[in-house]
Amino acid sequence: MDTSMTYPNSISIEEDGDTGSSDSIEETGHTNHQSQCPDTSAIGKKKLPPKATINMPGKKRRLSSEVWDYFDIIPKKDPNDELKCRCKKCGNEYSAESKSGTGNLHRHVKRCVKMTTKDIGQYLITSDKGALATRNAQFSQDKFRELLVHAIVRHELPFSFVEHEGIKNVLTYLEPQIKHMTRNTAKSDVKKLHAKEVNRLGSELRGCPSRICLTSDAWTSIVTDGYLSLTAHFIDSNWLLQKKILNFSYMPPPHNGVALAEKIYNLASSWRIERKLFAITLDNASANDSCVAILKNQLKLKNSLICDGVLFHVRCCAHILNLIVQDGLKEIDKSVELIRECVKYVKGSQTRKLRFTECVTQTSLDSKKALVQDVPTRWNSTYRMLSSALYYRLAFCHLQLSDSNFRSCPSLEEWGRVEKICSFLQVFYEATNAFSGSKYPTSNLYFPQVFKIQLKLSEECNSSDDFMKRIASQMFVKFNKYWSEFNLLLAIAVVFDPRYKFQFIEFSYNKLYGPGSNELVKVRNALFDVYNEYVKISNTPGASSSCSRGSNEVYSPHGAKEQEDNQSFDILEEFDQLTPLNLPVVHKKVNWNYLSKLARDILCVPVSTVASESAFSLGGRILDQFRSSLSPQIVEALVCTKDWLFGDKSEVAMNVIAVIKAVRLQLEVAWRMHKFGIIMNAAVVNDEGRSIGWPWSTTLL
């Protein structure tokens, strides 16, 4: 079918599938395109109509610019007359000659009265809750592209999504003026969005008042490509804890300490934050030890580390706990095997599930609690299985009476053994959950949790139960290996938690080693060494700024979430009873500005690499979605941009934790007391040097 139409005086219309947007009258047969005016992508656009062409002697010119959607060519009455065009809205006439270009036409479209909101025809009447309202019907192609690219990043959509015929039909129905994108355009827009966010985040990192802590981990994709995730943790000027995935970078082999150190240092340098680093948290791979040693030497050359890098390396505590528990559970008890068989039996068929549900109903238990089947290689799933089985203990006993085929129900003595094992593992489970957070400060949680674990291990090592004594002894050997090498920074962080302060350090070491131990002296000396270092390097006099307001959400001081089962071994209750509530104390020699900076830096130190590991699940989904056909640069752009734009939006309320707010508030209160001469009797260190009074109190929580 011939799709061309002929207008009078040699003006013709032809179908053209080209969706290009050249801004000049193009001559057919020529390949050079010359733009004579700025792009008008902000102008409302239509789905391109058939293109107009002008027949000239010996050649035909095609009107390819999108601006011609708004103008009609005026047929010439005389061949010598100037070629003109008329605005479809207001009727104004302009030159359409090639030498005149299209700049004047673009400018007219932007300021045409008939195309602005002054024209009542541009409005649509809408109904909102029974009331009539008007809205502007003008369409922005730029806004459409921006929203579509955000949707691709946020929902991990393939780039081919924009070319799906069904999607294009829906969008065209909603807005006839829409100009559809190609997958290459979408990919290009993602790169531009990532570059824009890199500049914004870079300015935020370099301008934040605190130092920056890093976590990093390596990962191998399903097609054996190596990736390294680098995540930054810092507290911003509003005292909000921030977590940002800086890089999800391709990591070629080898993955040894030298290569890892070079990669991490280059990435930090590309963000220009190598002089602001405070600590780095890595797992316990041997390559990471040599990596940290090389990094410390490089940063020492720039005099960038606090206390000469003594506090720089933090080992992943969640990984350490996993090693300790797995070492102790190599020999599993028979009673745990029986529980595993019970769960397998119930989940074996739908008939058994229904029968077990009837037993649950008859024993007046809540059937909403899940019955968990464990993965033997993951100890935390074993704990969850034992915990859920103990909850349904009566139902299992009832099932044994009603089902003759169910023969694996534990005896009364074996149920008691399961209860002991579950209570023992609960301490480790709660600590792992507490260490695995990324939306709240975790450095202040390390010491109380590890203190509880050590007391629990000591108690079970002296147990009369041979099985519990054996596994506790195996764990204690591994525990002492890592406890003797723990970073003193993690003990100092407890001092800045208003719920504990230095009194908890004294209480803990007195319990473990007796009064006046060398370990307590080490922590005290390290605390003042760090403070003196901040006094030395800081050039900003005066007090801290006023505290900010935030969410009222409070994080539980004894775990990442409240446990349904209150059987936890909690020595902290004894500390709470022994420690009286006291008023804030100040000391005239303390500079609250330095102390504020120190608290800000220490509280943002993560004690696990969970934040970096979480990037791998996102990266894995993206690679699976695109069947590993993306370049590493696009994968990094998608992972990082999603984290920056949408990663924390759903949990913004959890980003402000009571600990940080309390520290900030009480530093302000203490400084004001000092400013107006309200000096209490207690000092930072008393005459005997046995206790430290910091400017906050549990009464302010």
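**Charges and rings: reading the labels**

Visitor: Why is Arg-200 called partly exposed?

Guide: The relative accessibility of Arg-200 is 38%, and because buried means under 20% relative accessible area and exposed over 50%, with partly exposed in between (1.4 Å probe, protein chains only), this value belongs to the middle class. Glu-204, with a relative accessible area of 26%, is partly exposed by that rule as well. This is a predicted model, in which local features need pLDDT of at least 70 and side-chain atom pairs count only at pLDDT 80 or more, while totals for chains, interfaces and linings use all residues. Residues are numbered from 1 along each chain as its sequence is written, and side-chain values use heavy atoms, with hydrogens and water left out.

Visitor: What makes the contact of Arg-200 and Glu-204 a salt bridge?

Guide: The N to O distance between their side chains is 3.4 Å, and a salt bridge is defined as a side-chain nitrogen of Lys or Arg within 4 Å of a carboxyl oxygen of Asp or Glu, so the pair qualifies. Arg-200 and Glu-204 lie in helix α4 (residues 183–207), four residues apart, about one turn of the helix; helices here are DSSP runs (H or I, at least four residues), numbered from the N terminus. By this rule the model has 21 salt bridges.

Visitor: What separates Glu-460 and Lys-456 in helix α13?

Guide: They are four residues apart, and so about one helical turn lies between them. Their closest N and O atoms are 3.7 Å apart, and the two form a salt bridge; both residues are buried. Elsewhere, Glu-156, Arg-621 and Lys-642 are linked in a network of salt bridges.

Visitor: How many aromatic pairs are there, and why is the pair of Phe-356 and Phe-396 called tilted?

Guide: The count comes to 25 aromatic pairs. Phe-356 and Phe-396 lie 5.0 Å centre to centre, with 45 degrees between the planes; because rings of Phe, Tyr and Trp (its six-membered ring) pair if their centres lie within 6.5 Å, and planes under 30 degrees apart count as stacked, over 60 as edge-to-face and the rest as tilted, the two are a tilted pair. Phe-356 is in helix α9 (residues 350–362) and Phe-396 in helix α11 (residues 393–402), so the pair ties together parts 40 residues apart in sequence. Both Phe-356 and Phe-396 are buried.

Visitor: What makes the pair of Tyr-509 and Tyr-513 stacked?

Guide: Their ring centres are 5.7 Å apart and their planes meet at 25 degrees, so the pair is stacked. Tyr-509 and Tyr-513 are four residues apart in helix α16 (residues 501–513), about one helical turn. Tyr-509 is buried at 2% relative accessible area, whereas Tyr-513, at 34%, is partly exposed.

Visitor: How do you know that the charged end of Arg-352 sits over the ring of Tyr-345?

Guide: The charged end of Arg-352 is 4.1 Å from the centre of the Tyr-345 ring, and a charge sits over a ring if NZ of Lys or CZ of Arg is within 6 Å of the ring centre and within 35 degrees of the ring normal. Lys-369 likewise sits with its charged end over the ring of Tyr-391, 5.6 Å from its centre. Tyr-345 and Tyr-391 belong to one aromatic cluster, whose members include Phe-356, Phe-396 and Trp-415.

Methods: Helices (H or I, at least four residues) and strands (E, at least two) are DSSP runs, numbered from the N terminus.
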